Amino acid sequence: MATIGAKRGYAMASNLLKAIKTSSAPSSTSVRRFSGVVNSEITTSHTAKWMQDTSKKSPMELINEVPPIKVEGRIAACEGDTNPALGHPIEFICLDKPEPAICKYCGLRYVQDHHH
């Protein structure tokens with residue numbers, strides 16, 4: 001009975017692979033054209049214009065103004081924001097080292113709050 005099930009599973013997997021191969025085969029008529037792609041000249045001038053405006057702080061300057069967040073325990077869980085729609089994937093950060101640990105997504109810094 002088990003060999004019949006295994007044969008059916010093999011046949012289903014084989015048919016699935018055949019279907020995937022035929023559907024993903026490149027065809028000469030299916031050329032994707034990208035509309036709305038910004039050329040590098042526009043991007044460069046926009047970036048240069050943004051960099052010249054000294055009245056605004058850079059994102060790194062803004063995030064560095066936030067003091068390190070004190071956490072009880074050895075692990076911090078960073079989501080970037082209290083609203084999940086505005087945050088990032090959760091990252092668990094180890095706080096064993098004496099210097100602040102930095103979230104790789106948002107740059108927030110965390111330190112272990114030692115109570116003695």
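**Salt bridges, strands and surface**

Glutamate 65 is partly exposed, with 47% relative accessible area (partly exposed sits between buried, under 20%, and exposed, over 50%, using a 1.4 Å probe and protein chains only). This is a predicted model, where local features need pLDDT of at least 70 and side-chain atom pairs pLDDT 80 or more, while totals for chains, interfaces and linings use all residues. Residues are numbered from 1 along each chain as its sequence is written, and side-chain values use heavy atoms, leaving out hydrogens and water.

Q: Which residue forms a salt bridge with glutamate 65?
A: Opposite charges can pair when the charged atoms of their side chains come close. A salt bridge here needs a side-chain nitrogen of Lys or Arg within 4 Å of a carboxyl oxygen of Asp or Glu. For glutamate 65 the closest N and O atoms are 2.2 Å apart, and the partner, at 43% relative accessible area, is partly exposed too. That partner is lysine 57.

Q: How many residues apart in sequence are the parts that aspartate 96 and arginine 74 tie together?
A: These two form a salt bridge with closest N and O atoms 2.7 Å apart. Aspartate 96 sits in the loop between β3 and β4, and arginine 74 in the loop between β1 and β2 (strands are DSSP runs of E, at least two residues, and helices are H or I runs of at least four, numbered from the N terminus). The parts they tie together are therefore separated in sequence by 22 residues.

Q: Which residues make up the uncovered face of strand β2?
A: In a regular strand, side chains alternate between the two faces of the sheet. Strand β2 covers residues 75-78, and its covered face has Ala76 and Cys78. Cysteine 78 counts as buried because its relative accessibility is 1%. The uncovered face has Ile75 and Ala77.

Q: How many disulfides does the structure hold?
A: A disulfide would need two cysteine sulfur atoms within 2.5 Å. The structure has none. For cysteine 78, the nearest cysteine sulfur belongs to cysteine 106 and is 3.6 Å away. The count is zero.

Q: Which strands are the edge strands of the open sheet?
A: Three strands build this sheet in the order β1-β5-β4, with mixed pairing. β1 and β5 (residues 109-112) pair in the parallel sense over three bridges, and lysine 70 stands opposite valine 111. An edge strand pairs on one side only, which here goes for β1 (69-71) and β4 (101-102).

Q: What accessible area do Ile75, Ile90 and Phe92 have together?
A: Patches take residues with over 30% relative accessible area and no salt bridge, joining nonpolar side chains (Val, Leu, Ile, Met, Phe, Trp, Tyr) within 5 Å and like charges within 9 Å. Phenylalanine 92, in strand β3 (residues 91-94), is exposed because its relative accessible area is 58%. Using the Shrake-Rupley method with a 1.4 Å probe, where only the protein chains shown count as cover for residues, the nonpolar patch comes to about 320 Å².

Methods
Pairing = 2+ DSSP bridges.
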